[in-house]
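Dear colleague,

Please find below the structure that I promised to hand over.

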Amino acid sequence: MMNDKGIFIKNIYYMLAYAFQVLRQKNYEDVASEEFEEVQDLFAAILARGIAQQLKHGLYREYITRNEDLPTLRGKLNLQGTIRSQIQRKKLLSCGFDELSVNNVFNRILKTTAQILMRDSNVKQKNKKALKKGMLLFGEVYSIEPAEIRWDFLQYQRNNKNYEMLMNICYFVLNGLLQTTENGRYKMMAFSDDHMHRLFEKFVLEYFKRHHTYLTEARAAQVKWNLSPETGQGMIRFLPVMQTDVFLRYREKILIIDTKYYGHTMQRRYEKATLHSGNMYQIFTYVKNQDAAGTGNVSGMLLYARTEEAVAPDCSFVMGGNRIGVKTLDLNKDFSLIAAQLDGIAEEYFGHEKNITLI
């Protein structure tokens, strides 16, 4: 089983499958059983099947504003353009109108990503062929420069919900794995910590949601500051938002998990390895503000994705009456062992075993 930056490539697939449930659909079954030597090949396989599935239902269409010179009026009249046509002795009207089109940003991103993967030497020929087959029906779709994509502007609703997973794959490829060579061609590079942290965070949350359904809460929740009643709203707005990665509750017990994915798990000072101080301060702040009544029922955990460092923290402390734990999840192990580690966390903090469900 091959790995990329200390992570089995198959485990990247499993993490994606939890983060995006669409990967559990029947048309992705063969991806789950296939071995991949390069992560680009995994993404190409997922994208090829996703595009093929989308083509069966029809590509997503959006209203796009078009401007054309036409012999009859359509939509709104562009007066300046029409006058220009009359001066040039063209008997045409300059019109602006909205038209349902497949040439929208979602399909343009798909086409651009597929084109880049088809040129990548680490993608197997069968997956390149599958992508090329899908692109035959993208004739009306233009490609797009990766730097022009506003990822934070993409919005999903009922008609394009299936694009969410595909857009995240494209985001990994175009933003997390891309760099430009001297001759202007694109090639892949290693994962960025930022992109992997987002996937790691979403995977951990969705794993607990799926396999530990006895939990009364499993979400990414905000913790409120424990402030005195006299604190004015004008002052509160200056405080940072305490946004948790994973907030788990079972009866009166709460576990707040802050996921971390770093190139270096520990910080070093004078040859001494210690936990990142900022991380400890952060989780302690979350816990103490959540446990405003001082019950001791709120615990916190820093959950690190294991790097290739020799030191992997696994410890627990009681601070001011609350338990703060630090654990390391080894993503370079068989997925069953990763699952067992997560199940062990739930059993340790809530005394409850996993619900029996399959991925």
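A residue is called buried when its relative accessible area is under 20%, exposed when it is over 50%, and partly exposed in between, with a 1.4 Å probe and protein chains only. By that rule Cys-315 is partly exposed, because its relative accessibility is 27%, whereas Cys-170, at 0%, counts as buried.

Before going further, please note that this is a predicted model, in which local features need pLDDT of at least 70 and side-chain atom pairs count only at pLDDT 80 or more, while totals for chains, interfaces and linings use all residues. Residues are numbered from 1 along each chain as its sequence is written, and side-chain values use heavy atoms, with hydrogens and water left out.

Overall picture

The protein has eleven helices and 17 strands, where helices (H or I, at least four residues) and strands (E, at least two) are DSSP runs numbered from the N terminus. Of its 359 residues, 45% count as buried. The exposed surface comes to about 19,700 Å², and carbon and sulfur atoms supply 50% of it; these areas come from the Shrake-Rupley method with a 1.4 Å probe. If a contact is taken as heavy atoms within 4.5 Å, then among contacts with a separation of 6 or more, 68% are between residues 24 or more positions apart. A disulfide would be a pair of cysteine sulfur atoms within 2.5 Å, and by this rule the count is zero.

Two strands are said to pair if DSSP finds at least two bridges between them. On that basis six strands form an open sheet with mixed pairing, in the order S8-S11-S12-S15-S17-S16. Strands S8 (217-219) and S16 (315-319) are at its edges and have a single partner strand each, so one side of each is left without a neighbour in the sheet. On average, neighbouring strands here are turned by 15 degrees against each other, direction ignored; the axes behind such angles are lines fitted to C-alpha atoms, for helices over the stretch in contact, and angles run from 0 to 180 degrees between N-to-C directions.

Phe-247 in turn has Ile-256 of S12 as a bridge partner, and S11 and S12 are antiparallel with five bridges. These two strands form a hairpin with two residues between them, and Arg-251 in the turn has a positive phi of about 55 degrees. S11 is mostly covered, with four of its five residues buried.

The partly exposed Cys-315 stands opposite Val-326 in S17, and Met-319 stands opposite Asn-322. S16 and S17 also form a hairpin with two residues between them, where Gly-320 in the turn has a positive phi of about 60 degrees. Helix H11 (residues 335-350) lies across S11, S12, S15 and S17, and runs at about 170 degrees to S17.

A second open sheet, with antiparallel pairing, has the order S3-S5-S4. S3 and S4 are its edge strands with a single partner each, so one side of each has no neighbour in the sheet. Nine bridges join S3 to S5, and Asp-69 has Ser-94 in S5 as its bridge partner.

Helix H4 lies across S3, S4 and S5, at about 125 degrees to S5. In H4 (residues 79-87), Gly-81, Thr-82 and Ser-85 are buried. They cover an arc of only 100 degrees around the axis, which puts them on the same side of H4; the arc is that of the directions from the helix axis to the C-beta atoms. On the other side, Leu-79, Gln-80, Arg-84 and Ile-87 are exposed.

Helix H6

In H6 (residues 125-135), the buried residues are Asn-127, Lys-128, Leu-131, Gly-134 and Met-135. Their arc of only 125 degrees around the axis puts them on the same side of H6, and they pack against helices H3 (39-57) and H5 (105-118). The other side of H6 has Gln-125, Lys-129, Lys-132 and Lys-133 exposed.

With best wishes
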